[in-house]
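Me: I would like a close look at one part of this model, with the cut-offs stated where they matter. Please start with the overall layout and then go to the part I ask about.

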Amino acid sequence: SIVSFQVIEHIQDDVLFLKEIHRVLKPGGIALLTTPNRRMSLSRNPWHIREYVPEELRNIAARLFPQVQMKGITGNERVMNYYEQNKRSVQRITRFDIFNLQYHLPASILKVPYEILNRWNRNKLQSIDNRLVTNIRHEDYIVVDDASNALDLLLIVRK
């Protein structure tokens, strides 16, 4: 078995990454991969080479693996409340990006401002309501069959 949580979005050659997973898996072996769902991303993360929607990742994996299953990871009311508050806060910040520069500038230029604003935003949300963050537990995350609007994608492949 192979587990890869939040890695593929950082890999330049994603197909090669999946080929290597396929190569090292034993016949019948299973690999679990998670990655952000681009549909739910709040802004461009300059640390990510790319993000995927379910169909894109499933199609890439289906070229290499005989069994491919796409699921999603979402959250209960507590998690989604945090997500919605974070989304509103990020929108208040990105409204100043009137030329949509976050999607046009090289990632290297965006890394420092992204880290500063991301940290400031999270600290601000926590200071407004500490329970917003501290009340969330791993049990609050849910695996769902429909990944369309899930926070993260969960790819399950078998050799």
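Which pattern does the chain follow when read along the sequence? After that, what volume does the largest pocket have, and which residues are closest to its centre?

Reply: Read along the sequence, the pattern is β-α-β-α-β-α-α-α-β-β. That gives five helices and five strands in the chain (DSSP runs numbered from the N terminus, H or I of at least four residues for helices and E of at least two for strands). This is a predicted model, in which local features need pLDDT of at least 70 and side-chain atom pairs pLDDT 80 or more, while totals for chains, interfaces and linings use all residues. Residues are numbered from 1 along each chain as its sequence is written, and side-chain values use heavy atoms, without hydrogens or water.

The C-alpha trace spans about 50 × 35 × 20 Å along its principal axes. The chain has 159 residues, and 36% of them count as buried (under 20% relative accessible area, with exposed over 50% and partly exposed in between, for a 1.4 Å probe and protein chains only).

The largest pocket has a volume of about 1,100 Å³. Its lining comprises 38 residues, and those closest to the pocket centre are Leu42, Ser43, Tyr114, Asn118 and Arg122. Two elements, α3 (77–94) and α4 (107–128), each give two or more residues to this lining. Helix α4 supplies the largest share, eight residues. By class, the lining of the largest pocket holds 20 nonpolar, eleven polar and seven charged residues. Here Ala, Val, Leu, Ile, Met, Phe, Trp, Tyr, Cys and Pro are nonpolar, Asp, Glu, Lys and Arg charged, and the others, including Gly, polar. A pocket is an open set of points on a 1 Å grid over the protein atoms alone where a 1.4 Å probe fits, with protein on both sides within 12 Å along at least five of seven lines, and lining residues have an atom within 4 Å of a point. Points are joined across faces, edges and corners, and the volume is the space filled by probe spheres set on them.

Helix α4 also holds a charged pair. The side chains of Arg119 and Glu115 form a salt bridge at 3.4 Å, N to O (a side-chain nitrogen of Lys or Arg within 4 Å of a carboxyl oxygen of Asp or Glu). Both residues lie in α4, four apart, which is about one turn of the helix. Arg119 is exposed at 52% relative accessible area, whereas Glu115 is partly exposed at 28%.

The whole structure has seven salt bridges. One of them joins the side chains of Glu55 and Arg39 at 2.9 Å, N to O. Glu55 lies in helix α2 (residues 54–62) and Arg39 in the loop between β2 (30–36) and α2, so this pair ties together parts 16 residues apart in sequence. Both ends are partly exposed, Glu55 at 30% relative accessibility and Arg39 at 41%. Another bridge links the side chains of Arg23 and Glu20, also N to O, at 2.9 Å. These two are three residues apart in helix α1 (residues 14–24), which means that about one helical turn separates them. Arg23 is exposed, with 54% relative accessible area, and Glu20 is partly exposed at 34%.
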